[in-house]
Structures are given as C-alpha cells and as structure tokens.
Amino acid sequence: MNNTLEQLAIHTITTRPWSAEECIAKYSAAGISGITFWRYNFETSSPESLGRQAREAGLEVVSLARGGFFPAETRLKRQEAIDDNFRAIDEARAAGAPSLVLVCGAFSGQSLDESRRHIHDGIAACIEHAQQAGVILAVEPLHPMYAESRSAINSMQQANQLCESLGNHPNVGIACDVYHTWWDPSLEEEISRAAKSGNLTAFHICDWVTPTTDLLNDRALMGEGCIELKKLSTAVKAAGFSGYHEVEIFSNRWWKSDQDNYLSAIIASFKKI
Ligand code: ZN
C-alpha cells in the first residue's frame, strides 16, 4: 500500500527559500502532517514561537536538525561542542521537538578511530541533559564520502554499535537516512537490529542521482534516482517503525525552482512510495 500524508514530514531546509513561517503555512495547507526545523530557523524566530505556530497549524514538530560535530583537536573545543549540543537540546525542547538529529563529526588529519572515541564520549556527556529535556539524540550515519569531514559514523552497523556501547539508552537513537545508507548490503539487517533494540527513531528520504554534481547540495527528489525507496520504506515499517517519513533534500537545482510546484512534486512522489 502506498504512503499517505499522515506519514509525511518535511525538513524546512528542503524548501530553503521559504522562511520557517512560510514552511509552516505551506506544509499545513498542503495537508502534510509533520515538520522538522533546522537550527538556522531560530536565527529569526524563537523555537518556542515556531513550535507553537506549527502545532496551531496542525503540524507535529518531529525533530530538530542538527547537533553533533563532537570530534575536535583540543579538550576545550570538544567541551565547546558539548556546550553547543546542550543549547541544541534546549532548543529542541523549546520547540516541542522530541528528537535532535546528530551529524556526529570528523575532521581532516584525525584518525577515524579517534573521531569515533570523541563521538562516543561527546554523546555520553549529553545524555543526562537530553533525558532531562525529554529529547532523543538521533545519530545519523553519513555516507562514507563524508568520513573525513562531517561524520566518522558511516553505516547503520556503526550507528547500532554506538547505541549499544551507550547501553541502548532510551534517549539515544538512530536517524536512518536513505541518502547515506542505500548502498549498504546489510542495510535491512541493520534496520531490523536497530528497531529490535528500540533505536530506530527517524527515517529520512530523498534520492541519489548520477552523476552527483555537488557532494552536499545535489540530492534528488524521491523517484529521480536509484534508491529503492519502496523497498526501504517497507523494511522500516516491517521492522516496527511507525514514525514519519521525513523528506530532507538539499538541492541547488530544486531550490532554484518554484517552491510551490516543488512541494506538489514532493507530495506526488511521496504518494508513489
Ligand atoms: Zn538526514
């Protein structure tokens, strides 16, 4: 059975030319059910206000993107990263978002093992604060092309190992994003492993096109590329995941287009999954 709009949420960055207020109004008018804010939205409006506006418009605030970026060269910088994650947790709580997406971090010149230690310790240092705020820290494994620059957690297997090494804490979960994980031969097995431990807390969708012309901002609309979205949507649901399908597309090409038409295209493509 195809998906319905009750399962659809959109990240505000997907329609980046719109303000957060415009996103709320347009998503709501289109019958979409959920919204994930990005922290840049709070540069112009408070998290409390945007969360309230979203709920008044009938949208569920699904998550906040994003925290993380724990690895750093010095202890002081690692502490600054933890402090920033505390602020992000507070913003998520203020917006009424039950989850904070983590892009865990990495930097050129440091070994992946060392970065993974910093990530483990950074998340461990945030758990109590997240628990008090009622916010889940959702580790998002990133595609290996970002292993040196954005995250040393690059597969669902690593995300599962990380959650397990933190004791499967209820305030730590995994955001499985198809853009980062579609290539993985053990993906369905690892989705099932995450769900069994209660760690599969978010599911992000878009598509992968070849050639990818920009490593960050050339994601595609569902159906434009090679990702087997129906298969993966079925896999997360079969594993017991009942949360939103969150559309998260960074695309210079789509951002240049008419955003109303784009929103219609997102809905049409989502319904086919
Ligand atoms: Zn994502």
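# A tour of the helices, the barrel and the loops

Begin with helix 7 and helix 8: Leu-187, Glu-188 and Ile-191 in helix 7 meet Lys-231, Leu-232, Ala-235 and Val-236 in helix 8. Colour this contact by residue class. You get 5 nonpolar residues, no polar ones and 2 charged ones. Bear in mind that the model is predicted.

Helix 7 covers residues 187–196, and helix 8 covers residues 229–238. Angles under 35 degrees count as roughly parallel, so helix 7 is roughly parallel to helix 8. Which hand does the crossing of helix 7 and helix 8 have? The crossing is right-handed.

**The barrel**

Hide the helices and select the strands. In what order do the 8 strands close into a barrel? The order is 1-2-3-4-5-6-7-8, and the pairing is parallel. On average, neighbouring strands of this sheet are turned by 30° against each other, direction ignored.

Zoom in on strand 4 (residues 99–103) and strand 5 (residues 136–139). This pair runs in the parallel sense over 4 bridges.

Bring helix 8 back. Helix 8 packs on the sheet and touches strand 7 (200–205) and strand 8 (245–247). The direction of helix 8 makes about 165° with that of strand 7.

Next, select helix 10, residues 259–271. What does helix 10 touch on the sheet? Its partners are strand 1 (8–11), strand 7 and strand 8. Against strand 1, the direction of helix 10 makes about 140°.

**Aromatic rings**

Switch to side chains. The structure holds 6 aromatic pairs. One of them is Trp-182 with Trp-208, a tilted pair. Their centres are 5.7 Å apart, with 50° between the planes. Trp-182 sits in the loop between helix 6 (178–181) and helix 7, and Trp-208 in the loop between strand 7 and helix 8, so the pair ties together parts that are 26 residues apart in sequence.

**Backbone exceptions**

Most residues other than glycine have a negative phi, and most peptide bonds are trans.

- The peptide bond from Thr-210 to Pro-211 is cis, with omega near -5°.
- Go to strand 3 (residues 60–68), which contains Arg-66. A cis peptide bond joins Ala-65 and Arg-66, with omega about 0°.
- Move on to Phe-69, in the loop between strand 3 and helix 3 (75–95).

**Last stop: helix 1 and helix 2**

Two packed helices are described by the angle between their axes and the distance between the axes. Select residues 20–29 for helix 1 and residues 47–56 for helix 2. The angle is about 15°, and the axes are 9 Å apart. Helix 1 and helix 2 are therefore roughly parallel to each other. Helix 1 passes helix 2 in a right-handed crossing.

Show the side chains of the contact. Helix 1 brings Ala-20, Glu-21 and Ile-24, while helix 2 brings Leu-50, Gln-53 and Ala-54. By class, the residues divide into 4 nonpolar, 1 polar and 1 charged.

Definitions and conventions
Residues numbered from 1 in each chain as written. Predicted model: local features only at pLDDT ≥ 70, side-chain atom pairs only at ≥ 80, totals over all residues. Heavy atoms only, no water. Axes fitted to C-alpha atoms, helices over the stretch in contact; angles between N-to-C directions. Helix = DSSP H or I, 4+ residues; strand = E, 2+ residues; numbered from the N terminus. Parallel < 35°, antiparallel > 145°, perpendicular 65-115°, else oblique. Left-handed = near helix turned anticlockwise from the far one by under 90°. Contact = heavy atoms within 4.5 Å. Nonpolar A, V, L, I, M, F, W, Y, C, P; charged D, E, K, R; others polar. Pairing = 2+ DSSP bridges. Phe/Tyr/Trp six-rings, centres within 6.5 Å; stacked < 30°, edge-to-face > 60°.
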